[in-house]
Every structure is written in C-alpha cells, then in structure tokens.
Amino acid sequence: MSHGPRSGLAAVSTALLAMSRHLEVRDVLKTIVASARELLDAEYAALGVPDDHGGFAQFVVDGVSDDQWKAIGPLPRQHGILAAMLREDGPQRLADVRRDPRFEGWPSAHPELVDFLGLPIRDGDEVIGALFLANKRAPAGGSPEDPQDPFGPSCPAPEGACGFTQDDEDVLGILAQHAAIALTNARLYERSRELTIAEERSRLAHELHDAVSQKLFSLRLTAQAAARLVDRDPARAKGELQQVAALAAEAADELRAAVVELRPAALDEDGLVPTLRTQIQVLDRAHSARVTFAGHGARALPAAQEEAVLRVAQEALHNALRHSGADRVDVTLGRRGSGAVLRVTDDGKGFDPQIIRSAGRHLGLVSMRDRASGVGGSLTVESAPGKGTTIEMEVPGG
C-alpha cells in the first residue's frame with residue numbers, strides 16, 4: 001500500500017486505537033464495523049461471527065437504522081457472498097454484487113447494495129468473522145481515481161456508486177488483522193470473567209452446603225422432635241424450640257457472611273470515595289469522553305449503602321459512556337445530613353423519562369431504583385432529548 005497523507009494514516013491509527021479500548025465482544029464488533037465504514041467512507045458495513053450451524057451467532061451492522069434492521073428480518077445464513085468470505089482466503093471485491101453468480105438475493109426491506117468489499121477475519125487458521133462494506137461514497141465532484149490519496153479514492157461512478165479500490169482493500173486488510181486481535185482478546189476476557197464467576201459460585205455453593213445446609217438439616221430434625229414432645233413433655237418441647245431459634249440464627253449469620261464476601265474488595269480495603277475515584281480515572285483513560293469525579297465531604301457509610309452507591313454509579317457510568325454519546329460525564333459524591341448524595345451527569349443525547357417502560361429496561365433504571373430503595377434511599381432521573389441526563393441517588397447514613 002502506498003503512503004497516503006498524514007490525515008489518512010491518522011484515521012487508520014484512530015480506528016485501531018478505538019478497537020483496542022473495549023473488552024466486551026459486542027462492543028468490539030460494533031467498533032470494528034463503525035471504524036471500517038467511516039475509514040473507507042462506505043454507506044453500509046457489517047460483521048458476522050459464524051456459528052456451527054450455518055448461521056451467525058452475532059451480526060452487527062452500521063448504516064442501517066433500527067427500524068430498517070427489524071424490517072429486514074432474521075439474521076442471514078452462511079450462503080452466497082457471505083459463505084465465500086468465510087470459506088475462501090482472499091478478499092471479495094465486486095463492482096456490482098448483484099451480478100455475481102453467487103448472489104442469492106436479499107429480503108425486500110434490505111437496502112440495495114452495489115459495489116462490495118469483504119474479507120474474512122482470521123485467528124490463525126480459524127475464521128472468526130466476515131467483515132464487509134458496500135456502496136462506496138463518491139467524493140464531491142466525482143473526480144477520477146487519485147493515486148496520491150489511498151484513503152479517499154474516487155472513481156467513475158456508475159449508477160451513483162464509486163467502487164472500492166485496491167488501496168481500500170489493503171486498508172481493510174490491515175483493519176481486519178487488528179480486528180482479529182481485538183476480537184480474540186475480548187473473547188479471552190469474557191471467558192476469563194465467566195470462569196472467575198463460575199469459580200466463585202462453586203466456592204460459595206460449597207461453603208453454603210457445608211455450613212448452612214447442615215444447620216438447616218439440624219433445624220428440621222429439632223423442629224420435628226419438638227412437635228413430637230409438645231403434648232407429652234411441654235418442658236422438653238420448649239427446650240427444643242429454643243434450639244430451633246438458635247440454629248435459625250446461626251444459619252442466618254452464615255448466609256449473611258456469604259453475601260458479605262461478594263462485596264467488592266476495594267470497598268473494604270479503600271472505602272467508597274477512593275474506589276470511585278480509581279474506577280473513574282480508569283474510565284477517563286479508556287474512553288474518548290471526559291470523565292471526572294469530585295467528593296465533597298462524603299464520609300464513610302454502612303457497608304450496604306456503600307455497595308449500593310458504587311453499583312448505581314457503575315450502572316449510570318455504563319449508560320453514559322455506552323449509550324448517550326456524551327462528551328463529558330461528571331460524577332460527584334457529597335454529604336447530606338448523615339447520609340450521602342451521588343450525582344452522575346452527562347451532556348449526551350438524553351431521553352424522555354416518561355417512556356419508562358422501554359427506557360427503564362434499556363438503561364437499567366429499574367435495577368438502580370431497586371438498589372437505592374433496598375438501602376432506604378431514593379433515585380431520581382432528569383433527562384430530556386438533546387439535553388443530557390442526571391441521575392441522583394440519596395442514601396441515609398448509619
């Protein structure tokens with residue numbers, strides 16, 4: 001590939017850095033697709049992750065609205081050009097995909113694709129995805145192909161299309177190589193997280209079985225003994241019932257101790273304010289949005305309140321950074337009476353809080369309210385389309 005202008009190389013670098021920022025597979029897929037479409041100036045882009053049954057486990061698109069995507073229908077199968085990308089080593093660059101003998105049509109609601117560029121994403125010998133773009137946009141003026149600008153080529157434009165070039169193919173090849181690394185890392189991260197969760201569940205299940213279940217078994221036997229004695233020996237029955245109460249208290253203590261072990265370690269070691277500050281510093285480095293934190297005289301809270309505040313902050317930050325399109329997110333934690341107030345404010349696209357049925361599920365508002373009310377607190381949401389969002393949580397002190 002020839003050396004393009006500095007702006008073109010910067011665009012490639014930006015796309016590669018964007019892919020490396022995310023750890024969850026779905027986020028990586030979306031970033032790959034959006035980066036490829038923007039970098040090569042295509043109208044549509046898509047990436048499919050194949051399953052073992054002739055379909056796709058995941059299929060991410062960019063350039064198609066949610067309504068269009070719903071109208072298109074079920075995910076595509078591995079046939080036609082998509083199958084070729086999964087089974088053949090080389091790229092597929094076509095002036096008009098509709099004229100290719102492998103073309104098998106698409107649903108009536110599907111956008112009309114003309115020029116096409118696709119290639120497999122490989123991890124060694126394994127094909128882990130198929131990435132393609134369609135309908136190259138012609139630059140203003142529709143000038144002939146400019147060999148000095150491999151990142152923004154143009155060409156004669158039949159039917160309003162531009163057509164992908166060899167330079168586009170080379171750039172997409174670089175992107176696909178890095179996409180394979182990013183996607184593999186994301187899969188490893190999710191697998192590691194799943195194993196950690198599974199191990200923790202197994203450990204807790206073992207401890208609960210050894211500690212609590214034995215006490216519950218003893219409790220049942222003691223209760224049965226009390227029931228048999230209640231008529232012929234009330235005094236002994238009373239003693240057995242006292243033992244039932246003691247066993248029940250011990251079982252409750254064991255359950256409480258197991259739940260406490262699930263509390264984030266950083267909270268126990270560092271406290272709420274340092275934990276929030278550290279996590280927000282990491283998010284600020286990892287995202288393009290500016291993320292800030294300020295603690296205004298907040299003091300230590302009971303363990304349950306601190307964990308609830310941390311979880312709500314994490315959920316609100318997740319929403320702001322993943323869904324709102326915000327350039328800035330500000331988090332403050334202040335004192336109010338003997339309790340505290342958490343406020344997470346973003347300058348993103350906002351939403352209508354009245355549409356709570358859909359927005360509440362999508363943004364986790366129901367779970368945040370449940371967390372707040374579970375520790376005697378409250379949660380309010382202020383938002384409007386185009387005016388950002390503020391989530392405020394107030395919790396009492398001890």
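Visitor: What should I know before I start?

Guide: The model is predicted, so local features need pLDDT of at least 70 and side-chain atom pairs count only at pLDDT 80 or more, while totals for chains, interfaces and linings use all residues. Residues are numbered from 1 along each chain as its sequence is written, and side-chain values use heavy atoms, with hydrogens and water left out.

Visitor: How many helices and strands does the chain have?

Guide: Helices (H or I, at least four residues) and strands (E, at least two) are DSSP runs, numbered from the N terminus. Here there are 11 helices and 10 strands.

Visitor: And how do I read burial?

Guide: Buried means under 20% relative accessible area, exposed means over 50%, and partly exposed lies in between (1.4 Å probe, protein chains only). In this chain, 40% of the 398 residues are buried.

Visitor: What about contacts between residues at least 6 apart in sequence?

Guide: A contact means heavy atoms within 4.5 Å. Of those contacts, 62% join residues at least 24 apart.

Visitor: How many salt bridges does the rule give?

Guide: The rule asks for a side-chain nitrogen of Lys or Arg within 4 Å of a carboxyl oxygen of Asp or Glu. The count comes to 15. Take R343 and E392, whose closest N and O atoms are 2.5 Å apart. That pair links distant parts of the chain, 49 residues apart: R343 sits in strand β8 (residues 339–346) and E392 in strand β10 (residues 389–395). R343 is partly exposed, at 29% relative accessible area.

Visitor: Which residues are linked in a network of salt bridges?

Guide: D96, R98, R99 and E112.

Visitor: Which residues of helix α11 are buried?

Guide: First, the general idea: an α-helix has 3.6 residues a turn, so residues three or four places apart point the same way. In α11 (residues 365–374), L365, M368 and A372 are buried. Seen down the axis, the buried residues of α11 fall within an arc of 65 degrees (taken from the directions from the helix axis to the C-beta atoms), so they line one face of the helix.

Visitor: What follows α11?

Guide: G376, whose phi is positive, near 80 degrees.
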